[in-house]
Amino acid sequence: MEKALTGVKILDMTHVQSGPTCTQLLGWFGADVIKVERPGVGDATRKQLVDVPGADSLYFTMLNHNKRSVTLNPKSEKGSEIFTKLIEHCDVMVENFAPGALDRMGFSWERIQEINPRMIYASVKGFGPGPYADCKVYENVAQCAGGSASTTGFRDGLPLVTGAQIGDSGTGLHLALGIVTALFHRTHSGKGQRVECAMQDSVLNLCRVKLRDQQRLTSGPLNEYSQFGEGIPFGDATPRAGNDSGGGQPGRILKCKGWETDPNAYTYFITQAAIWQDVCDVIGKPEWKEDEKFATPEARLPHLNEVFGEIERWTMTKTKFEVMDICNKVNIPVGPILSMKELAEEPALRDTGTIVEVDHPERGKYLTVGNPIKLSDSESKVTRSPLLGEHTDEILSEIGLSADDIASARENGAV
Ligand code: CAO
């Protein structure tokens, strides 16, 4: 089966997480991803959080599937020549260095366009143009600067960062969409273009509903937030809402059987208005259906603590999976709090290729997350990450270097 991006060549200058997430996705869809790494060193994550001595780390291997690795120093004279050939050869260049690094290598956007006017040049930076444009940014900085931390956690606690890597992987996803959009545009414009994603902007995009709530504050309290029912006044910014549901259907995380010893024996439970009658029956409170304190969504809002207290009394008698079974039969939206261990062992995720086992020559078998985007006519097979410089000779000969050229480039440290 031909893959959707077969024939697209990506010059991958990315490192750490945000950029590699993007190029890995493109690789899963069939693009030829040529990862350029510093000779002898490579992407810093190869040797970060090492669990198998001498082998590439899971940090690296899980973000760099379906790529080929070439070592090259574009700052050397010979390296710069080779890099120029790679720009001519490829369709897309992706990078996420600190601001200005590519320019300092001698490859400004203007220069890249001169070399290859069809080149799409895509970058991740921490911030867009403005006062912080020159700052280096990591995941948690982006979560804080993009509005996620101020709206995550409990009202009376610290701002919190989330486990989901919305700054890094979230921005990589945004960038991938920018790249395929630019590739589509190129089919009729004939030209490449610059694609830029700032991590702050991507996080803010994912926190869109919290900016919605910021504006709703001017017309009154946010009555689906627990603090409304608790009679605690709102300030002038969207507050942290604990585990309250983000939409107009109140929800909470509730204890399930075993919560005293199992940190993940919880369920998310949504009291969607449409199935309220079923909630009342399931938790053994049929009289609430007629009780004016609980009968309508508006009536319930000031009493959500009582509502969820009663639901929790019921969920605590069941395991999170029993809650799922019972509630799903009557269309009550609930979700077990699944641990990484449970996800790793979930057969349905293995069947769909979302969790995949990969074999690696240095580290043996390990689990990874495969392509979460499923196309019916483009198979997405996960292949292992490349060893440092594994494809240097192969790639350099593809762009026209002879065996002697390659040997001399290696001798003078360009590759
Ligand atoms: N050969 C020779 N030199 C190379 C090279 C190669 N193949 N690849 C990179 N380099 C050099 C660059 O030219 C740069 O050198 P100068 O600063 O002298 O110009 C340097 O290596 C890499 O720079 P960096 O500043 O990007 O790396 P860092 O580890 O100091 O910073 C990070 C890392 C992530 C903070 C920074 O890259 C950044 O802010 N990136 C943009 C935002 C981003 O993507 N953040 C998410 C990272 S994932 O959490």
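## A buried pair to start with

Aspartate 91 is buried, its relative accessible area being 14% (buried means under 20% relative accessible area, exposed over 50%, and partly exposed in between, with a 1.4 Å probe and protein chains only). Arginine 186 is buried as well, at 9%. The side chains of aspartate 91 and arginine 186 meet in a salt bridge, 2.9 Å from N to O (a salt bridge is a side-chain nitrogen of Lys or Arg within 4 Å of a carboxyl oxygen of Asp or Glu). Aspartate 91 sits in the loop between helix 3 (77-89) and strand 4 (92-95), while arginine 186 belongs to helix 7 (residues 168-189), so the pair ties together parts that are 95 residues apart in sequence.

Before going further, a word on what you are looking at. This is a predicted model, where local features need pLDDT of at least 70 and side-chain atom pairs count only at pLDDT 80 or more, while totals for chains, interfaces and linings use all residues. Residues are numbered from 1 along each chain as its sequence is written, and side-chain values use heavy atoms, with hydrogens and water left out.

## The overall picture

The protein has 18 helices and 11 strands (these are DSSP runs, numbered from the N terminus: H or I with at least four residues for helices, E with at least two for strands). Along its principal axes, the C-alpha trace spans about 85 × 45 × 40 Å. Of its 415 residues, 46% count as buried.

## Around the ligand

What surrounds the ligand? There are 23 residues around it, and the closest are Arg38, Ala98, Lys136, Val137 and Asp168 (a residue is near a molecule if one of its heavy atoms lies within 4 Å of it). This shell splits into 10 nonpolar, 6 polar and 7 charged residues. Here Ala, Val, Leu, Ile, Met, Phe, Trp, Tyr, Cys and Pro count as nonpolar, Asp, Glu, Lys and Arg as charged, and the others, Gly among them, as polar.

Now for some ligand atoms. One of the ligand's oxygen atoms is 2.4 Å from an N or O atom in the side chain of lysine 136. With alanine 98, it's the backbone that takes part: a polar backbone atom there is 2.7 Å from an oxygen atom of the ligand. On its own the ligand exposes 950 Å², and the protein buries 83% of that (accessible areas come from the Shrake-Rupley method with a 1.4 Å probe; for residues, only the protein chains shown count as cover).

How many salt bridges does the structure hold? The count is 28. One of them joins the side chains of glutamate 306 and lysine 293, at 3.0 Å from N to O. Glutamate 306 lies in helix 13 (residues 304-315) and lysine 293 in the loop between helix 11 (276-282) and helix 12 (297-300), so this pair ties together parts that are 13 residues apart in sequence. Glutamate 306 is partly exposed at 38% relative accessibility, and lysine 293 is partly exposed at 32%.

Arginine 384 forms a salt bridge too, with glutamate 390, and their closest N and O atoms are 2.7 Å apart. Arginine 384 is partly exposed, with a relative accessible area of 25%, and glutamate 390 is partly exposed at 34%. Elsewhere, salt bridges that share partners link Asp32, Arg68, Glu394 and Glu398 into one network.

## Asparagine 66 and its contacts

Where is asparagine 66? Look in the loop between helix 2 (58-61) and strand 3 (67-71). Asparagine 66 counts as buried, at 11% relative accessibility. Its side chain has a polar contact of 3.5 Å with the side chain of tryptophan 28 (a polar contact is a pair of N or O atoms within 3.5 Å; within protein, one must be able to donate a hydrogen and the other to accept it, and residues adjacent in sequence count only if both atoms are side-chain atoms). A polar atom of the asparagine 66 side chain also lies 2.9 Å from the backbone nitrogen of threonine 383.

## Two leucines

Leucine 375 is found in the loop between strand 11 (364-369) and helix 17 (392-398). Leucine 375 is partly exposed, with a relative accessible area of 40%.

Leucine 204 belongs to helix 8 (residues 199-206) and is partly exposed at 43% relative accessibility. The C-alpha atoms of leucine 204 and cysteine 144 are separated by 9.9 Å, with the two residues 60 apart along the chain.
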